[in-house]
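Biologist: I have a model open and would like to go through it with you. Can we take it one question at a time?

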Amino acid sequence: MRPDPDAATPAGGARAARGLAAALLAALLLAALLAAAFPATPARAEGLLGEIRARGHLTCGSSPGVAGFGVPDSKGEWRGLDIDFCRALAAAIFDDPGKVRFVPLAAPARFTALQSGEIDVLARNTTWTLARDTSAKLNFPAINFYDGQGFLVRKDRGIAHVEGLDRATICLQQGTTTELNLADWFRTRGLTYKVVAFATAEETGRAYDSGRCDAYSTDKSSLYGERLKMAEPEAHAVLPETISKEPFSPVVRQGDDQWRDIVAWTHYAMLDAEEAGIGQENVEAMRRDALSPDVRRILGLEGKYGEALGLTNDWAYRIIRHVGNYGEAYARNLGDGTPLKIPRGLNALWNKGGLQYGPPIR
Amino acid sequence: MRAGRGPARGGDRAGNRGGSWRGLALQALLLAGLAALAYGAWANAADKLARQGIVAGFGFLERAAGFDLSQSLIPYAAATASYGRACLAGLLNTLLVSGLGIVLASAIGFGLGIARFSPNLILRGIARAYVELFRNVPLLLQLLVWYVAVRVALPEPRDPAAWRDAVFLTQRGLFLPRPDFSDWNALVPGAFGLGLLATLGLARASRRRAARTGRGLPLLGPGLALCLGLPALAWIGLALAGRPVPVAVPLRGPFDIEGGLALQPEFTALLAGLSTYTAAFIAEIVRAGIASVPRGQVEAATALGLSRAKALRLVVLPQALRVILPPLTSQYLTLTKNSSLAVLIGYPDLVHVMMGTVLNQTNQAVEAVTITMAVYLAISLATAAAMNRYNARVVAVGRR
């Protein structure tokens, strides 16, 4: 029946089957050997910094789209405060803010991506909580934005305060501190609410805008951006109250103190530069003829502070030259010149009434 | 297991003993290789988890959840619920939407499949157009249409469509009066169950009689009377006994309609999307099944004087079922798994709760994924087992 004479006899068929089994076995053994020979994570001799240098770029977990913090612009360039933070890191390491790859991560995927080593640092308006800090061996090196949870409502509903949302339906993004804060806040005040949770900010905003919910709750900084995405931004307002503390920090894995220091001091360098009045415009002039020892230390003209971090001594100068100081990054992404117009508030420097305080570089 | 059969088969052919031993050894080696690979994967995962400092294990299921769910069939409060309870609530939501979806999809699908053979041209055309439309548009898109487009077309919550101040329809859902069937009031659903059992018994007796005398018992009238009459009697009896069944009627609240039984748009959209989509596939399966029954069977039935409906019910469908059931099982499994698209429209099913909220709040990725996969596997295997049993019966009846 079949043209193959060998396979036509039962013995030939058995032989063919055995051959197949042998081939399969060989492949399996090879796979097992390979798995044993190359452990999934190579042993780190130099730490993450060495790995990043060898790789030639930084991998940064970013938000998939929060205006002002991390969102691709019309040309596909990533923009935002968190994006600028990653560019500052790349500038400090490579003297090139372009040597960074962004991995957009939805809220439910972000920590897994960091834990599995897919990204070097997570800069994605992530709230620092004790549970997150301890349960998964993560570290939150420095708070780069102080935020709190707020509510977006339709103006024509006449709701002036959060208490007015008793018995309302609230849309939010699942897997966030938002849903925990909300449950606590309403419960402790004896108020009730109905919740509809969505996986992404886009779906949440769309559901709210189409009338599924009376309010949209998330971090206030995001609400300003979400408001602009509504069909009629003018018809919506952010309620004045803030019901939680949401300190945003970049996140790194535990166990690499050098990398943790670099991430923390990148933020502090941007703060210290703003405090010392060093910006993108005047950094070259300052580097040429600054006399103040503070400025000279920041710019790497005195001391070996950069080398102590494992970087070059002009690390902060590179950051300021390529990305600017914290105030400049804020103004560029969130300030009055942007559609968001988020007041500096808690994020002003400590000597201007805010909480942003850079430890001294010395 | 296979290896055990090797020598026996070799024994049939004299002189092939050596070969079969070699085969046995090869298969043992293969098995050992597989085991080594599985062990390697497990050890690697354990090592990586330990290095990332993730405490493996399912202890987190006992911890307080602290988040609310938009829909739960069991009492659920953020203040007291554990992650385990959240998981259970999600699982029940999955079962609810899948179970109802399977019933609805079967009803629509069988109707359409049979309509494809209708002598009525318009009915045939509609059935065909339905199948082509719903089968060929991605389910994700259909869900969005149901959830976004259909919902927005409904009245706003401030201006609901109402029927006698008891039933309300708004963008936020369909609100129905909800009778309270707790403690003694459980007599009413109990009476319904009793009625259903009695009807089933009646159907059995009717079949037996039909086999003996060729004439069955009337079923529809008595069945309806039993299923509806008994609960009605219980209802009236409770009212006469001075403990009428309380009915929670939905009321207008400051934002929404409140109270009563609320069918939320996420649930309704998912149910509608899943059942209309799967119905298109079931319709095709039913059509294929009916087409597989030889024409002579219908002709013979007609020659015996059976009406079209009776020929379909007594001659065609029982034979078609043998062809229909195996692919129908696959459709049921697909529907159950497709229900995880709930994530997209915010319906708190198992995947929404476990993979979205629980995983992210606890960081127990491996455990959350394992639980979710195991649950889907269990649901699917149970569905398949039930359908296979039914299939075995249908096939056996056919062979008799």
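Biologist: How many salt bridges does the rule find across the interface of chain A and chain B?
Modeller: Four. Keep in mind that this is a predicted model.

Biologist: Which residue forms a salt bridge with A:R167?
Modeller: That partner is B:E258. The closest N and O atoms of the pair are 2.8 Å apart.

Biologist: And how many residue pairs are in polar contact between chain A and chain B?
Modeller: The count is 15, with both residues of a pair at pLDDT 80 or more.

Biologist: What area do the two chains bury between them?
Modeller: About 4400 Å², and 51% of that is on carbon and sulfur atoms. The accessible area lost when parts come together is often used to give the size of an interface.

Biologist: Changing topic. How many helices and strands does chain A have?
Modeller: There are 15 helices and 14 strands in chain A. The chain has 362 residues, and 53% of them are buried.

Biologist: Which residues touch the most other members in the largest nonpolar core?
Modeller: A:V121, A:W259, A:I278 and A:W315, out of 58 residues in that core. Helix α4 (residues 81-94) of chain A provides the largest share of the core, 10 residues. A second, separate core has 42 residues, among them A:V196 and B:V286.

Biologist: Back to A:W315. What does A:W315 touch?
Modeller: Leaving out residues up to four places away in sequence, its contacts include A:A92, A:W265, A:Y305 and A:I361.

Biologist: One more residue. Where is A:L191?
Modeller: A:L191 sits in the loop between α7 and β10 of chain A.

Biologist: Is A:L191 buried or exposed?
Modeller: A:L191 counts as buried because its relative accessibility is 19%, and the cut-off for buried is under 20%.

Biologist: What does A:L191 touch, then?
Modeller: Not counting residues up to four places away in sequence, A:L191 touches A:E163, A:D166, A:W185 and A:F186. A:G164 is 27 residues from A:L191 in sequence, and their C-alpha atoms are 9.8 Å apart.

How values were computed:
Residues numbered from 1 in each chain as written. Chains lettered and ligands numbered in written order. Predicted model: local features only at pLDDT ≥ 70, side-chain atom pairs only at ≥ 80, totals over all residues. Heavy atoms only, no water. Core = buried A, V, L, I, M, F, W, Y, C linked by side-chain atoms within 4.5 Å. Buried < 20%, exposed > 50% of the residue type's maximum accessible area, 1.4 Å probe, protein only. Helix = DSSP H or I, 4+ residues; strand = E, 2+ residues; numbered from the N terminus. Contact = heavy atoms within 4.5 Å. Buried area = accessible area lost by both parts, 1.4 Å probe. Salt bridge = Lys/Arg side-chain N within 4 Å of Asp/Glu carboxyl O. Polar contact = N/O pair within 3.5 Å; in protein donor to acceptor, adjacent residues only side chain to side chain.
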